Amino acid sequence: MKKIGIIVGSLRKESFNRSVANYLTSVAPEGYSFSFPDIGGLELYNQDLDDTPTEAWAKFRDEIKAVDALLFVTPEYNRSIPGVLKNAIDVGSRPYGQSVWTRKPGGIVSVSPGAIGGFGAHQHLKQVLSCLNVYIMNQPEAYVGNIMEALDDSGKVVSEHTQTFLSKYMNSFIRWIERF
Ligand code: FNR
């Protein structure tokens with residue numbers, strides 16, 4: 001059983017990104033398990049604590065170490081990634097030389113109510129993850145725009161078009177991570 005860690009860049013209870021992440025898990029083939037490491041409980045990264053990590057940091061780092069692949073599903077905040085997501089990435093990247101991200105295959109899905117599907121966040125995230133040596137799948141890309149039109153009132157992905165797109169994305173992602 002391969003383990004995939006899904007990092008959702010929103011803490012909002014009714015997060016659209018979380019809805020999309022949940023849908024993605026539902027269309028994955030058998031043989032994969034998913035976890036959603038918590039990023040909301042991580043204290044702000046502080047280099048002074050490199051030798052004395054907080055409990056939440058240590059737990060998060062262990063959770064990331066334990067997964068075989070990473071799927072980032074994130075909103076865009078002010079044309080970049082949410083601070084809470086950057087904080088989690090920074091926490092996982094240290095102490096120097098002990099990054100938990102390195103050499104894991106990964107994918108990025110950006111989700112927005114807007115038309116351009118979080119393009120800015122997506123590209124910034126790619127930049128950060130390539131520096132951390134995450135093997136990001138380049139194609140297909142997933143910019144999921146106008147998301148409110150694809151969900152019902154309970155937050156379920158009901159648009160057939162979006163369902164098909166996300167299923168194809170998940171198939172490609174699985175093929176990608178199987179290369180490693
Ligand atoms: C946003 N939002 C937003 N959307 C977008 O497409 N581009 C952007 O630059 C921004 N900027 C932004 C900044 C801040 C601080 C907030 C709170 C929101 C809107 C955002 O896409 C919307 O709130 C989504 O619902 C967030 O995703 P979740 O929480 O539903 O997963």
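This tour moves through a predicted model, one selection at a time.

Begin by selecting strand 1, residues 2–8, together with strand 2, residues 32–35. The two strands pair in the parallel sense, and four bridges join them. To see one of these pairings, select K2; its bridge partner in strand 2 is Y32.

**A buried aspartate**

Next, select D50, in the loop between strand 2 and helix 2 (55–66). Which side chain of opposite charge is nearest to D50? It is that of R61, at 4.6 Å. A salt bridge requires a separation within 4 Å, and D50, although buried, has none. Its side chain does make a polar contact of 2.8 Å with the side chain of Y45.

**Along helix 2**

Select E63 and K59, which form a salt bridge whose closest N and O atoms are 3.3 Å apart. Both residues are in helix 2, and because they are four residues apart, about one helical turn separates them. An α-helix has 3.6 residues a turn, so residues three or four places apart point the same way. E63 is partly exposed at 28% relative accessibility, while K59 is exposed at 53%.

**The buried side of the tour: helix 3**

Move to helix 3, residues 83–93, and colour its buried residues: L85, N87, A88, I89, V91, G92 and S93. These buried residues pack against strand 1, helix 2, strand 3 (69–74) and helix 4 (119–131).

**A last pair**

Finally, select K126 and E141, whose side chains meet in a salt bridge of 3.8 Å, N to O. The pair links distant parts of the chain: K126 is in helix 4, and E141 is in the loop between strand 5 (135–136) and strand 6 (142–144). K126 is buried, with a relative accessible area of 17%, whereas E141 is partly exposed at 28%. In total, the model contains six salt bridges.

Note on methods: Residues are numbered from 1 along each chain as its sequence is written. This is a predicted model: local features need pLDDT of at least 70, side-chain atom pairs count only at pLDDT 80 or more; totals for chains, interfaces and linings use all residues. Side-chain values use heavy atoms; hydrogens and water are left out. Buried means under 20% relative accessible area, exposed over 50%, partly exposed in between (1.4 Å probe, protein chains only). Lys and Arg count as positive and Asp and Glu as negative; His and the chain ends are not counted. A polar contact is a pair of N or O atoms within 3.5 Å; within protein, one must be able to donate a hydrogen and the other to accept it, and residues adjacent in sequence count only if both atoms are side-chain atoms. Two strands pair if DSSP finds at least two bridges between them. Contact means heavy atoms within 4.5 Å.
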